Amino acid sequence: MAVVTACSLTPPWPDPLEGSKPLSFGEWVQDRFPMGSGETALVRELSSEGFEPAEPEGDRSRTAKLTRSPGFGCATTWIVPWRAVADRITSIEGNEPSACF
């Protein structure tokens, strides 16, 4: 499988630092939902952006993903795996694999 930058899609969320160096998706997720923030708010916001529950990745307790496809053979999937205890996020990541076949 090859990763082709021409297949990149515009993320479904605004640039949190418009006019400055753009954050990676992982940086945006960790900035927007730092450890200790509420899991309920995370789930609500991801759902409002079109993310759906997904099979957990690795040792993560919960995962959400969103896939967009600009055309035949290309897709970007944004994946947010996290762990939470008592509605508080204890770890979180953001992954953005893109692929064209």
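Is Phe25 buried or exposed? Phe25 counts as buried, at 4% relative accessibility. This is a predicted model.

## Helix α1

Helix α1 covers residues 25–32. Its buried residues are Phe25, Gly26, Trp28 and Val29. Viewed down the axis of α1, they fall within an arc of 160°, so they line one face of the helix.

## Glu27

Glu27 also sits in helix α1. Its relative accessible area is 40%; because buried requires under 20% and exposed over 50%, Glu27 is partly exposed.

Glu27 and Gly94 are 67 residues apart along the chain. Their C-alpha atoms are separated by 7.4 Å.

## Aromatic pairs

The count of aromatic pairs comes to three. In one of them, the ring centres of Phe25 and Trp28 are 6.2 Å apart. Their planes meet at 15°, so the pair is stacked. Phe25 and Trp28 both lie in helix α1, three residues apart, which is about one turn of the helix.

Trp28 is buried, with a relative accessible area of 9%. Trp28 also pairs with Phe33: the ring centres are 6.3 Å apart and the planes stand at 85°, so this pair is edge-to-face. Phe33 is buried, as is Trp28.

## Aromatic cluster

Which residues form one aromatic cluster? They are Phe25, Trp28, Phe33 and Phe51.

How values were computed. Residues are numbered from 1 along each chain as its sequence is written. This is a predicted model: local features need pLDDT of at least 70, side-chain atom pairs count only at pLDDT 80 or more; totals for chains, interfaces and linings use all residues. Side-chain values use heavy atoms; hydrogens and water are left out. Buried means under 20% relative accessible area, exposed over 50%, partly exposed in between (1.4 Å probe, protein chains only). Helices (H or I, at least four residues) and strands (E, at least two) are DSSP runs, numbered from the N terminus. The arc is that of the directions from the helix axis to the C-beta atoms. Rings of Phe, Tyr and Trp (its six-membered ring) pair if their centres lie within 6.5 Å; planes under 30 degrees apart count as stacked, over 60 as edge-to-face and the rest as tilted.
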